Structures are given as structure tokens and as C-alpha cells.
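Subject: Structure handover

Hello,

Here is the structure for you to look through. My notes on it follow below.

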Amino acid sequence: MTTPAASVKVDRRSLRTQLMLRDALADALNDGEDLTRVTVAGLTDKAGLTRRTFYTHFKDIPDFVEQVESNILAAIRERIDAVVATDLTSLYENIDELEPAPGSVELLSYLKRNGRIIGALLGPGGDLAFAQRICAIACEAVEGRMKTGIFPGALGTFFNYYLSYVVSAEIGIVQRWFATGLVESPETMARLMTVIAFCLLYT
């Protein structure tokens with residue numbers, strides 16, 4: 001029978017293994033390797049693990065990438081929801097004081113903390129669908145917030161295209177931030193993106 005302490009040790013070991021594989025994937029992509037050419041053997045060699053260990057956790061490379069991306073996207077969704085939950089009064093107060101939208105620093109800080117893997121997935125050798133999935137999450141969150149009381153009359157065909165335009169622009173800014181080495185702080189980027197996104201969206 002597995003004791004609670006033993007279970008915790010197994011869980012920690014499993015998490016460590018997954019993080020090692022995630023770091024190996026980031027290294028491979030950042031070194032110029034294309035995601036479509038990443039192999040189990042190459043990944044486990046970089047991570048210093050055996051292929052048997054890989055297959056204990058994942059079916060294949062697509063399954064591994066899907067799980068990595070899904071975990072990141074879940075964390076991003078949680079933080080985007082916090083940003084769009086802001087009431088207009090608080091938002092405009094922040095804009096007037098040149099402060100970032102509430103929750104936006106936390107979102108960008110998460111992106112920077114996990115910059116190696118997120119930047120790799122958003123980069124030229126990464127997964128094109130990853131950025132699209134982030135866009136879809138942001139669009140869904142903003143549209144849902146609009147329906148709950150912020151300018152519900154604005155919803156419609158024009159708004160849907162406009163929202164896609166704004167969110168795509170924001171993703172483009174994030175990609176440039178990663179491409180230039182995450183030099184600016186999350187606070188600076190949050191101020192910039194608040195002006196670009198919310199001033200355009202709510203005026």
C-alpha cells in the first residue's frame with residue numbers, strides 16, 4: 001500500500017520529470033530545431049532521461065506538447081479572466097494615472113517567468129496554433145465580459161472583427177517582447193498593452 005508520503009514523493013518526481021522534459025523542449029526550439037522534427041530520443045537525451053521515463057507520462061511528442069500547452073493555457077486563461085473582470089471605473093482610473101489594467105502585470109509576470117517555453121512555442125520553430133489558441137481564449141473572455149454588462153449593445157459582426165484585431169495586435173506585442181529578449185519589465189509592458197487594448201476597445 002502506498003503511503004501519503006510516498007505518494008507525494010512520486011508526484012514530486014513526476015513533476016520534476018515533466019519540467020525537465022519541458023525545459024528540454026524549450027532548449028531544442030530555442031536552438032533552432034523545428035517542433036515537427038523533435039523526437040523522443042532527442043528530447044530525452046537533452047533532459048538526461050530515458051525514453052521509458054518519457055513513455056511513462058506521455059504517448060508521443062504530440063501528446064507531450066498538447067499537455068505542456070494545455071497547462072500553460074489554463075494558467076493564462078485564469079489570469080486573462082482576472083484582467084477582463086475589471087470594472088470600467090477602476091479601468092479608467094488606472095488609465096488616467098498611466099497605470100496598467102488590474103491583473104495585467106500578473107499575467108505578463110507569468111509569461112516572463114515561463115518565458116523559455118512560451119517564447120519557444122511562440123517562436124519560428126514552435127507551434128503556430130499556440131498563438132491562435134491564446135487569441136481564442138482572450139476573445140472568448142472579453143466577449144463574455146461584454147455580455148455580462150460592459151456595452152452589450154456593441155456585440156455583433158463589427159465588434160467580433162474588431163476584437164480579433166485588438167487581440168491579435170496584443171499577441172503580436174507579446175511575441176515581439178519575447179523576440180527581443182523580454183527586456184522590458186512586466187509593469188512596463190502592462191502599461192503599454194493597457195493603452196493599446198483598453199483605450200481602443202472601450203472608447
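First, a term you will need: a salt bridge is a side-chain nitrogen of Lys or Arg within 4 Å of a carboxyl oxygen of Asp or Glu. Keep in mind that this is a predicted model.

**Salt bridges**

The structure holds 6 salt bridges. One of them joins Arg-116 and Asp-27, at 2.5 Å from N to O. Arg-116 sits in helix 7 (residues 115-122) and Asp-27 in helix 1 (residues 4-30), so this pair ties together parts that are 89 residues apart in sequence. Arg-116 is partly exposed, at 44% relative accessible area. Asp-27 is partly exposed too, at 30%.

Next, look at Glu-66 and Arg-133. Their side chains meet in a salt bridge of 3.3 Å, N to O. Glu-66 belongs to helix 4 (residues 61-84) and Arg-133 to helix 8 (residues 128-147). Glu-66 is partly exposed, with 36% relative accessible area. Arg-133 is partly exposed as well, at 27%.

Then there is Glu-140 with Arg-77. In this salt bridge the closest N and O atoms are 3.7 Å apart. Glu-140 lies in helix 8 and Arg-77 in helix 4, 63 residues apart. Arg-77 has 34% relative accessibility and counts as partly exposed. Some bridges share partners: Asp-23, Asp-27 and Arg-116 are joined into one network.

**Aromatic rings**

How many aromatic pairs are there? The count comes to 6. Buried means under 20% relative accessible area. Phe-54 has 1%, so Phe-54 is buried. Tyr-55 has 46% and is partly exposed.

Phe-58 and Phe-64 form another edge-to-face pair. Their centres are 4.9 Å apart, and the planes are at 70°. Phe-58 is buried at 3% relative accessible area. Phe-64 is buried at 1%. Ring pairs link Phe-54, Tyr-55, Phe-58 and Phe-64 into a cluster.

**A charged patch**

Which residues form the negative surface patch? They are Asp-87, Glu-93, Asp-96 and Glu-97. Asp-96 is in helix 5 (residues 88-96). Is Asp-96 buried or exposed? Its relative accessibility is 65%, so Asp-96 counts as exposed.

Best wishes

Definitions and conventions
Residues are numbered from 1 along each chain as its sequence is written. This is a predicted model: local features need pLDDT of at least 70, side-chain atom pairs count only at pLDDT 80 or more; totals for chains, interfaces and linings use all residues. Side-chain values use heavy atoms; hydrogens and water are left out. Patches are made of residues with over 30% relative accessible area and no salt bridge: like charges are joined within 9 Å, nonpolar side chains (Val, Leu, Ile, Met, Phe, Trp, Tyr) within 5 Å. Accessible areas come from the Shrake-Rupley method with a 1.4 Å probe; for residues, only the protein chains shown count as cover. Lys and Arg count as positive and Asp and Glu as negative; His and the chain ends are not counted. The place of a charge is taken as NZ of Lys, CZ of Arg, CG of Asp or CD of Glu. Helices (H or I, at least four residues) and strands (E, at least two) are DSSP runs, numbered from the N terminus. Buried means under 20% relative accessible area, exposed over 50%, partly exposed in between (1.4 Å probe, protein chains only). Rings of Phe, Tyr and Trp (its six-membered ring) pair if their centres lie within 6.5 Å; planes under 30 degrees apart count as stacked, over 60 as edge-to-face and the rest as tilted.
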